[in-house]
Amino acid sequence: MRKGRVLRVTFGCNPNSSSLGVDVTFLFLGATFATAIALLLGAVLRWSTRS
Amino acid sequence: MKLRVVRARPERFGGIAETEHPRALLHVDRRMMRELGHPDSPSWNEDERSEAPLSAPTEVHVVLSRRCAAGCTGCYVDATPKGASLSLVDARRILDELAAMGVFHVALGGGEALELPQLFEIAAYARSVGITPNLTTSGLGLTAADAERCRVFGQINVSVDGVGEVYTRARGFDGFAHAERALRLLRAVKEEVGVNCVVSRTTFDGLGEVARLVRTLRLNELELLRFKPVGRGAGLDEELTPEQARRIYPLARRLMLRHRIRVKLDCSFAPMVFWHRPSARAAAFWGVQGCVAGDVLAAVAPEGNLMACSFAGATGVDARIPGNVRSAWPSSFATFRDFVGSAPQPCASCQYLRLCRGGCRAVASAHGRLSDPDPGCPRVQEWRAGHSPGRSRPASLALPVIPA
């Protein structure tokens, strides 16, 4: 059975009225990196919930 | 590494989970929500790919006051030393409702929030109802005792629009030394301290110095906020030049790599980012998007008015009256939410429309109508140059035009 997925992530808290925008820290690393992080976060989230 | 989910709320696509260490908001699908132990939600009867807005904002900007002694030349809330402020009782009432709706964060600002005697009580109350309070401040007048009390906040950013003389030119007074002192005091008591820098025509060339300051003081982020011609800023000629608009995203990347700091751009910079054609999938995953007003974000003015964001006009809904925010949320921000479905050219044919959402609605509104494309978008500028009277052929566009 297909496992649950992380669809989107935003790190940190936003203290501003309008800064829910671009975290350039990760954007330039592209789609492959984003997919890998999604899988990793999903696995860690699942493991954290079980343990 | 273990991720502890501190709160989660269901959405039509699944849900949003908040974690700490690292602090993050994760959008997860329905299966993952079940794996996290959440029961099926009635909202899961809706189409999970629907473009409907979130059930509630994830963050609300609470403009605590229009009171500030600094008198910055471009203040977007037009703050004065005797401006209006939100009382502790009203703030508590609003926070109660936001907590019940599942809002995760509030951004407290002003005016100068530190001038308000009720600030720390409001922040503590937000914590008590499960909302993380974050703060933006000029840092003017911050004492060591104040800094100690600031532990109650999540992220605190101090406004530094430039180093030394650039600060003075941007804000109209010499306050850099005070801001730097505040940063040092805050950093001594907590890690989540950063810098807000309004990027204007004047401050653009000084961004490198600000990034160096962030690295030197070991701050956790540099947030670059686009200058918007609203409030007292409406009378200033400080919007980025077309060349600066094209350079801001590569510059932010360069500052990040050179100084090894986290750099964020606000949502109004989205058109300037998408003009460089980043991966749309990566952008969607990292939550990179244009105008989030009335969807991810909402704001409350010190007079109690609910707004789509703090740069937008009032809705006429008084957020201080219990139940008003919840009942207004589903239908009050149609002008913002409907932009993608009714976008004019050149937005309508842009491959990033669903992510960019036409850029900043506040800037568009300041120059014409709320439903216009953002005039600061490089693609919009190229398109308009190609369609101006006297031109027989459209100029080539950086992004391909997709046939309808």
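This is a predicted model: local features need pLDDT of at least 70, side-chain atom pairs count only at pLDDT 80 or more; totals for chains, interfaces and linings use all residues.
View 1. Strand 4 (residues 59-63) and strand 11 (residues 297-300) of chain B pair in the parallel sense, over 4 bridges. Helix 7 (residues 207-216) of chain B packs on the sheet, where strand 8 (193-199) and strand 9 (221-226) of chain B are touched by this helix. The directions of helix 7 and strand 8 of chain B make an angle of about 175°.

**View 2. An open sheet built from strands of chains A and B.** The sheet is mixed and has 11 strands, ordered 2(A)-10(B)-9(B)-8(B)-7(B)-6(B)-5(B)-4(B)-11(B)-12(B)-13(B). Its edges are strand 2 (22-23) of chain A and strand 13 (314-318) of chain B, each of which pairs on one side only.

**View 3. The contact between chains A and B.** Chain A contributes 38 residues and chain B 66 residues. On the chain A side, at least two residues each come from strand 1 (6-11), strand 2, helix 1 (24-27) and helix 2 (30-50). Helix 2 of chain A gives the most, with 11 residues. By class, this side of chain A holds 18 nonpolar, 14 polar and 6 charged residues.

**View 4. Antiparallel pairing between the chains.** Strand 1 of chain A pairs with strand 3 (residues 24-29) of chain B in the antiparallel sense, over 5 bridges. Here Arg8(A) stands opposite His27(B) of strand 3.

**View 5. The two domains of chain B.** Domain 1 spans 4-45 and domain 2 spans 59-332, with their C-alpha centres 27 Å apart. In the contact, 5 residues of domain 1 meet 4 residues of domain 2. The domain 1 side comprises 1 nonpolar, no polar and 4 charged residues.

How values were computed. Residues are numbered from 1 along each chain as its sequence is written. Chains are lettered from A and ligands numbered from 1 in the order in which they are written. Domain bounds come from an automatic or database domain assignment. Two residues are in contact if their C-beta atoms, placed from the backbone, lie within 7 Å. Ala, Val, Leu, Ile, Met, Phe, Trp, Tyr, Cys and Pro count as nonpolar, Asp, Glu, Lys and Arg as charged, and the others, Gly among them, as polar. Two strands pair if DSSP finds at least two bridges between them. Axes are lines fitted to C-alpha atoms, for helices over the stretch in contact, and angles run from 0 to 180 degrees between N-to-C directions.
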